[in-house]
Amino acid sequence: MDLQSLIAVARGERPADLVIRGGHVVNVLTGEVYPADVAIVDDRIAAVGAGYKGLAVIDATGRLVMPGFLDGHVHVESSMCTPSQFAQAVVPHGTTSVIIDAHEIANVCGVPGLAFMLDDAKGLPLDVYLMLPSCVPASPFESAKTILDSKDLGPLLAEPQVLGMGEMMNFPGVLQQDPEVMAKLGFANLLVDGHAPDLTGKDLNAYVAAGISSDHECRTVEEAREKLRLGVHVMIREGSVARNLVDLLGAVSPISQERCMFVTDDRHADDLVTHGHIDHAVRKAIAHGMDPVLAVKLATINCARYFQLERVGAIAPGWQADVVIADGFERLRIETVLKRGRVVAREGRPLFEASGEAPATVRDTVRIAPLTDDAFRVPGPAGLSAVRARVIGVVPDQCWSHSLERDLPVQDGDLQPDPAQDIAKIAVVERHHATGNVGVGFVEGFGIQSGAIASTVAHDAHNLVVMGTNDRDMRAAVEALVASQGGLCAVKDGQVVELLPLPIGGIMSDQPMARVAELVEALQARTRAALGIRVEHPYMTLAFLALSVIPELKLTDRGYVDVHRFEVVPVLA
């Protein structure tokens, strides 16, 4: 940045490189919207005011001129696309910076997976910052490809894109002062994101006292307020499955809003292409009564301040020229996006290319032991026709699940799914080391009438998760994903109905996001039609049922995990 040029342009002594003329600036520093031109030199804003001349001019008459949006917590892998493909989708929606937690690929590929994410993000008109994954695996009850401890993560702190430590999901490890958790929390002057669903009272105080400063798992106003009172920054999540924005707006007060921001956490390709990214959260907040400038503030400067990104997130002299031009607050249709002073998207289209192919270090990752004929059996007590068993209860639009107890039929000594109660069988197959581990249980709420669905996207260890009405189709679904080296699929009567390959780590595609979105929509439509499934996002819902750090009851390759008790529990109740 040439300070002399910046000052000369600001004083009107020479023309700017670019002037955005005639628009209404959305000022997140003062809460105002007013007419002003924006003069830009190189990658910086030189001035905001009237009477500036430029070598190039963008006519923004009648338009809003806003800071570029930031997403403070996102797992890019959940889009099922690489960072460069992700950028092509979100930059046209006004996102100019993201803070990623790449613990999905880290669970599958370890440090080489993190290196791939950073390498693929190089040269993009999207600032991609990394929070180091703090919990690989997420809990001692999951089998990941590798274990990343403090010795593995320490050297990565020197990387300029690394801002701190990602969500500390092992909250029991914090409370019990696990030595390895303490070592990670002990990194000097490190920003640490939190993950504290349902944590309250003394335990929440202890968790926050350990230096953890954010949380994205709030579901109610009361939960958010308790955390805000303790100094926690609340990340208001609006993802594909976990949609908490509307329920949390009541926690945003004139004072607490300084510590609130919008994030997406997990958002599928079809949602990104159809509905957008952080701009979708802003639109939704405005539609539900939030002041429009405040909504923009929660999408911009609040995130930048939390992550200590200097002069990012506002339209002001000397600040980074990340600028979004939109048609108005009612539709908030993003027309033009500038990153560091360069136009990088226009009318919904990216003006840059994605990166090349993924290296061998993140491919060919699906390795399971051969399945036996009884791999999915759940033995029951002898002589009974029914037995009380634990069942995972799906919660619509949430990554939470209920812990239920249901009477399940017993046939030939084995527990069976029960379509009359909307109960299917679910299994998690270890797929990194071919150990032969298979955890089996039952799930209620998908509405599945026949067949099976399977996925190698299964947060966070990303073992192979399969759910169905019968063992034959479940086995066929598993074998189809092994053959494709990862993906999502539906099977009926032993035949593959639809399959979406995900060859990068078994969790990401090598196709453009628009194509991935088409394939996801086709897969979900065929799945619902052929199998009778009712939930809106069946595959992402299935993926979260393997996440052993989100209450209440989950399933891993080790078996059922009672998340509140943080222990493995049997199927029989």
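Colleague: What span should the 13 residues of helix α15 have, and how far apart are its end C-alpha atoms?

Modeller: This is a predicted model, in which local features need pLDDT of at least 70 and side-chain atom pairs count only at pLDDT 80 or more, while totals for chains, interfaces and linings use all residues. Residues are numbered from 1 along each chain as its sequence is written, and side-chain values use heavy atoms, with hydrogens and water left out. Helices are DSSP runs of H or I with at least four residues, strands runs of E with at least two, numbered from the N terminus. The expected span is 1.5 Å times one less than the number of residues, so α15 (residues 471-483) should span 18 Å, which agrees with its end C-alpha atoms being apart by 18 Å.

Colleague: Which strands do the buried residues of α15 pack against?

Modeller: Buried means under 20% relative accessible area, exposed over 50% and partly exposed in between, with a 1.4 Å probe and protein chains only. In α15 the buried residues are Asp-473, Met-474, Ala-476, Ala-477, Val-478, Ala-480 and Leu-481. Counting contact as heavy atoms within 4.5 Å, these residues pack against β23, β25, β26, β27 and β28.

Colleague: Which residue follows α15 with a positive phi, and near what value?

Modeller: At the start of α15, a side-chain oxygen of Asn-470 reaches to within 3.3 Å of the backbone nitrogen of Arg-472. After the helix comes Gln-485, with a positive phi near 55°.

Methods: Polar contact = N/O pair within 3.5 Å; in protein donor to acceptor, adjacent residues only side chain to side chain.
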